[in-house]
Amino acid sequence: MRARRALSASRLLHPGAALRLRRAGIARVHVTGRLARVTLRGEITGREADELAAELRRLVRNGSRHLIVDLSEVTYLARESAGVFFGTLRALKEVEGSMALRGACPRSAATLHCLGLGRLTEVCGTAW
């Protein structure tokens with residue numbers, strides 16, 4: 001039986017961790033074995049980019065090899081914050097992992113494709 005952990009910004013034991021997730025724009029994280037499903041929420045701007053990058057790297061460092069990032073609750077995705085996904089992809093490639101971006105609204109999907117992310121990973125409009 002696979003171990004399953006679910007984290008949300010509002011239901012964590014450690015208050016500092018909940019604040020860290022909210023500052024990164026992360027609404028929920030579900031980890032099942034080596035698969036992590038990360039749901040982002042709200043505006044993801046340059047302000048959230050550093051925190052988001054740190055949280056995604058932390059998931060990879062803690063053993064997640066495949067990430068599915070749900071963008072269906074994202075209202076705005078800035079170009080500088082979309083760059084976070086390149087660093088995450090690099091970390092995942094080092095451990096033979098993968099990442100998919102799901103649920104992107106047309107505007108966010110256009111930003112991701114404009115940056116060339118669509119050539120490196122799957123970017124689509126459905127969440128899971």
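## Exercises on a predicted model

The side chains of Glu-73 and Arg-28 come together in a salt bridge, at 2.6 Å from N to O, where a salt bridge is a side-chain nitrogen of Lys or Arg within 4 Å of a carboxyl oxygen of Asp or Glu. This is a predicted model, in which local features need pLDDT of at least 70 and side-chain atom pairs count only at pLDDT 80 or more, while totals for chains, interfaces and linings use all residues. Residues are numbered from 1 along each chain as its sequence is written, and side-chain values use heavy atoms, with hydrogens and water left out.

**Exercise 1.** Decide whether Arg-20 and Glu-55, which meet in a salt bridge, are buried or exposed or in between.

*Solution.* First recall that buried means under 20% relative accessible area, exposed over 50%, and partly exposed in between (1.4 Å probe, protein chains only). Arg-20, with a relative accessible area of 25%, is partly exposed, whereas Glu-55, at 6%, counts as buried.

**Exercise 2.** Describe how strand 2 and strand 3 are joined.

*Solution.* Two strands pair if DSSP finds at least two bridges between them; here, strand 2 (residues 26-32) and strand 3 (residues 35-44) run antiparallel and are joined by six bridges. The two strands form a hairpin with two residues between them, and Gly-33 in the turn has a positive phi of about 60°. Thr-32 has Leu-35 in strand 3 as its bridge partner.

**Exercise 3.** State where in the chain confidence is lowest and where it is highest.

*Solution.* The mean for the chain is 83, and 84% of its residues reach 70 or more. Confidence is lowest in strand 1 (residues 4-8), at a mean of 49, and highest in strand 3, at 94.

Note on methods:
Helix = DSSP H or I, 4+ residues; strand = E, 2+ residues; numbered from the N terminus. pLDDT = per-residue confidence, 0-100.
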